[in-house]
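Take a look at the structure first, and then we can walk through it topic by topic.

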Amino acid sequence: MIALAKNRNIEDRHPFWDQAEKLVKNKTGLAGLIIIAVVVLSALLAPWISPHDPIENSLYDQLKPPVFLPGGTWKNILGTDDLGRDILSRLIWGARLSLMVGVLSVGIAFMIGSLLGAVAGYFKGWIDNLIMRIMDIILAFPHILLAIVIVAYLGPGLKNAMIAIGIITIPRFARIVRASVLEEYEKDYVMASRAAGAKDLRIIFSSIFPNCLAPIIIQASLGFGSAILDAAGLSFLGLGAQPPTPEWGAMIAMGRQLILRAWWVMTLPGIAILFGVLGFNLLGDGLRDALDPRLRD
Amino acid sequence: MALLEINNLTVEFHIRGGVVTAVDNVSLAIEPGQTLGLVGESGCGKSVTASSIMGLVPSPPGVIAGGEIFFEGEDLLKYSEKQMRKIRGNMISMIFQEPMTSLNPVFPVGDQVSEVIRLHEKLDRSQARQKVIDVFKQVGIPAPETRIDDYPHQMSGGMRQRVMIAMALACSPRLMIADEPTTALDVTIQAQILELMNRLKRETGASILFITHDLGVIAEMAQQVAVMYAGKVMEAADVETIYENPKHPYTVGLLSSIPVLGRGKEKHRLETIPGVVPSLFNLPQGCRFSERCPDVFDKCRKENPEMIDLSPGHKVRCFKYA
């Protein structure tokens, strides 16, 4: 028996590292990670790496093309908009806002959605019915429409847009958490925990919930992407970030009437949104491959 | 006074399609420091009886329709949920059948045992950790100082069952309920675990309610035996009486269907009890065993037999002895 105890180095590494390794070995996951790293770094380092102030107008530099087009200069690498603001700087600062949108709206949805889903799945019965029917009602609305309604009620602005996006994302988390809790509830360790004298809330959050994390993490990553997209959509409609905030969606809205004269003003923030959302979606797929035991080889 | 005394416990499940009486007028008693073996086929109500003692019958659909469960003189069925939480894990603890699934896969085993300790005793983290190491030593886990940080998947089935026993033992309970604790283990590990439980019982003076369908295990563990069939106790006696002088045809049938080493040479066929356990939805009229009983007569099919005292401590539910 003592020999057995010594021969157990095979599994000595924490399971977290196994999954991290699996994620990095997965090409989609790695691509997602790299894109997100770029976005996160530009967001964190915005004050130091952006060449210009993102809000300052410059009357002499209006609608300068990017450096790779005729007439472009290295002073404004990705050109300027109609007020002479440097697009690269605005994109870099915009990454901050997009990440903030992702963190806050996914955070709201994660916390409220997980709580509701866990309570519904654990207690079952009428509580479950009540919560999940409300979730169904939220899901019955086209989600951007519902977000518009909520923002219209709260008043336009980036903060309210984040709250609105958070609210419309709650059902996704609630459903996933409920399904996982229903599955875990049947396991013996839940009974063992109850037989040890633990309270319901303790069983839900400290025994069951950690076992449901894998699908929630994946959902959070995918939710990040769609939150950024939704926020850009709301800002494009003028309900999110207000000028002169360098938000990607708002920048597209600003550049809309210039599309024939200066395509880059609108296109470049579009590409930024594309890559930001793509990055989180790829990461989400990679995480699913790494975390889902059914997909393990 | 008995440590645990169950009187006429009846547990019903109200489900679609009707009411199922999973436990019907069951009476049991466990003396301090003794092991009661509860024997029966799958679905005869053994585990539901255990859940009732813990106050963990899933409700709905389960309803405790009647009876009393006296633990140290107090009726547990009258306790509030809050009072029951103080009993669970502390005064009465439970060991489960599947050591593979009864530990939480995302936490180190030591944390799970120390959680139980900290639920019931005011100890800080390091004191609780020390206590876990002590309990691990007591249940024979080698190198407890390092094993305490292992995750369940890093342990073998036997080791995990030792952790489960450590968890049950952590707060020095008066009664341990072991629900088929060795069914999922292979025979050599099974012997080790049984030996361990017997040793711990001697050391701690705790009583054990040992639930199993394996009469061979009962012989090693129990002093008293109760045989259950379709929700009713059919025969109860001390372990020698059950093995040497079984009275109920069901007990006789169970005992003769145990293979005996060497008997095969004499061209004996292993005996079985014909038929299957009746569905609780559709119980036969009269004695529940009547359809499978070799000694059945008319009265058995019409009336339900009462428990009869054959001799002090030996009770049987059969018209043969009326």
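A helix here is a DSSP run of H or I with at least four residues, a strand is a run of E with at least two, and both are numbered from the N terminus. With that in hand, the elements of chain A read α-α-α-α-α-α-α-α-α-α-α-α from the N terminus on. Please keep in mind that this is a predicted model.

**Chain A as a whole**

- Chain A has 12 helices and 0 strands.
- The C-alpha trace of chain A spans about 80 × 50 × 30 Å along its principal axes.
- Of the 297 residues in chain A, 45% are buried.
- If we take the contacts in chain A between residues at least 6 apart in sequence, 71% of them join residues at least 24 apart.

**A helix pair to look at: H4(A) and H10(A)**

- Helix H4 (residues 87-123) and helix H10 (residues 213-236) of chain A pack with their axes 8 Å apart, at an angle of about 130 degrees.
- That angle makes H4(A) oblique to H10(A).
- The crossing in which H4(A) passes H10(A) is right-handed.
- On the H4(A) side, the residues making the contact include A:Ser98, A:Gly102, A:Ser105, A:Ala109 and A:Phe110. On the H10(A) side, they include A:Ile216, A:Gly223, A:Phe224 and A:Ala231.
- Sorted by type, the residues of this contact between H4(A) and H10(A) are 10 nonpolar, 5 polar and no charged.

- You will find A:Ile35 in helix H3 (residues 27-49) of chain A.
- Is A:Ile35 buried or partly exposed? A residue needs 20 or more other C-beta atoms within 10 Å to be buried; A:Ile35 has 19, so A:Ile35 is partly exposed.
- Setting aside its neighbours within four places in sequence, A:Ile35 is in contact with A:Phe275, A:Leu278 and A:Gly279.
- A:Leu283 lies 248 residues from A:Ile35 in sequence, yet the two are 9.2 Å apart in space, C-alpha to C-alpha.

**Where chain B meets chain A**

- The contact between the chains takes 19 residues from chain A and 25 residues from chain B.
- Three elements of chain B, namely helix H2 (81-87), strand S6 (92-95) and helix H3 (109-120), each supply at least two residues of the side that touches chain A.
- H3(B) gives the most to that side of chain B, with 3 residues.
- By type, the residues on the side of chain B that touches chain A are 12 nonpolar, 8 polar and 5 charged.

Note on methods
Residues numbered from 1 in each chain as written. Chains lettered and ligands numbered in written order. Predicted model: local features only at pLDDT ≥ 70, side-chain atom pairs only at ≥ 80, totals over all residues. Contact = placed C-beta atoms within 7 Å. Nonpolar A, V, L, I, M, F, W, Y, C, P; charged D, E, K, R; others polar. Buried ≥ 20, exposed ≤ 12 C-beta atoms within 10 Å, placed from the backbone. Axes fitted to C-alpha atoms, helices over the stretch in contact; angles between N-to-C directions. Parallel < 35°, antiparallel > 145°, perpendicular 65-115°, else oblique. Left-handed = near helix turned anticlockwise from the far one by under 90°.
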